[in-house]
Amino acid sequence: MIEYITGKISELTPAAAVIECNGIGYFLNISLTTYSALSQNTATKLFVYESIREDAHVLFGFISRRERDLFLLLISVSGVGPNTARMILSSLSAPELEQVIVSENVNILKSVKGIGAKTAQRIIVDLKDKIKPGDNTLNISMPQNQEVQDEAVAALVMLGFPQTASMKVVQKLLNESPTLKVEAIIKAALKML
């Protein structure tokens with residue numbers, strides 16, 4: 001699992017960036033928000049989501065961890081794939097999207113290309129409890145021991161479980177018992193997945 005890539009920006013378009021890291025060029029799909037942040041830079045650090053399908057390994061890059069967290073929440077909604085999530089994050093910045101979900105503003109979501117009324121309502125219903133209204137931060141707050149979470153999720157992914165489902169289960173376990181060790185989390189997660 002790739003957490004982030006740091007390197008020189010070799011190519012940059014509104015939809016993609018090639019980041020050169022130690023002589024290897026990584027092609028990352030990006031949102032317009034990330035493109036705007038990169039357009040003045042020659043080097044960057046992008047947080048990564050890796051979509052593994054039968055026919056391709058596709059990387060998505062995000063300028064902030066917050067944007068990636070929202071992307072992960074969006075793709076957890078039934079009917080919202082990575083490209084649709086990227087389209088939403090291209091149309092709305094992370095704080096704007098959080099506000100739209102908290103205020104349950106279906107019309108703004110429907111204004112995003114490719115999002116109909118049912119999908120917009122599903123996004124709001126599925127995600128409104130995962131975003132706190134007061135401070136516009138994600139409710140999937142980072143556990144105190146990020147290393148434990150990352151190790152547990154990586155182990156579950158290596159065992160063949162989907163990354164999104166693994167992340168949800170590990171976060172739930174850490175929210176209930178923040179002092180759990182990696183081994184205990186993995187054993188408990190295997191029973192839940």
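**Helix 7 against helix 8**

I began with the crossing of helix 7 and helix 8 in this predicted model, and I noted it as right-handed (a crossing is right-handed if the near helix is turned clockwise from the far one by less than a right angle, and left-handed if anticlockwise). Helix 7 covers residues 146-158, and its axis lies 9 Å from that of helix 8 at an angle of about 140°; the axes are lines fitted to C-alpha atoms over the stretch in contact, with angles running from 0 to 180 degrees between N-to-C directions. Helix 7 is therefore oblique to helix 8, given that angles under 35 degrees count as roughly parallel, over 145 as roughly antiparallel, 65 to 115 as roughly perpendicular and the rest as oblique.

I then listed the contact (heavy atoms within 4.5 Å): Val148, Gln149, Ala152, Val153, Leu156 and Val157 come from helix 7, while Gln163, Ser166, Met167, Val170, Gln171 and Leu174 come from helix 8. Sorted by class, these residues are eight nonpolar, four polar and no charged, where Ala, Val, Leu, Ile, Met, Phe, Trp, Tyr, Cys and Pro count as nonpolar, Asp, Glu, Lys and Arg as charged, and the others, Gly among them, as polar.

**Conventions**

I kept in mind that residues are numbered from 1 along each chain as its sequence is written, and that side-chain values use heavy atoms, with hydrogens and water left out. As the model is predicted, local features need pLDDT of at least 70 and side-chain atom pairs count only at pLDDT 80 or more, whereas totals for chains, interfaces and linings use all residues.

**Helix 8 against helix 9**

Next I followed helix 8 (residues 163-176) to helix 9 (residues 182-192), whose axes come within 10 Å and cross at roughly 125°, which means that helix 8 is oblique to helix 9 as well. I recorded this crossing as right-handed. On the helix 8 side the contact is made by Val169, Val170, Lys172, Leu173 and Leu174, and on the helix 9 side by Ile185, Ala188, Ala189 and Met192; the classes are eight nonpolar, no polar and one charged.

**Helix 2 against helix 3**

Helix 2 passes helix 3 in a right-handed sense. I found Glu67, Leu70, Phe71, Leu74 and Ile75 of helix 2 meeting Pro82, Ala85, Arg86, Ile88 and Leu89 of helix 3, a contact of eight nonpolar, no polar and two charged residues.

**The whole chain**

I counted nine helices and five strands, taking them as DSSP runs numbered from the N terminus (helices H or I, at least four residues; strands E, at least two). Along the sequence their order is β-β-β-α-β-β-α-α-α-α-α-α-α-α. The C-alpha atoms fill a box of roughly 45 × 45 × 35 Å along the principal axes. Of the 193 residues, 39% are buried (under 20% relative accessible area, with exposed over 50% and partly exposed in between, for a 1.4 Å probe and protein chains only). Among contacts with a separation of 6 or more, 49% join residues 24 or more positions apart.

**Asp129**

Last, I checked Asp129, which sits in the loop between helix 6 (117-127) and helix 7 and counts as exposed because its relative accessibility is 59%. Asp129 and Val77 are 52 residues apart in sequence, and their C-alpha atoms are 13 Å apart in space.
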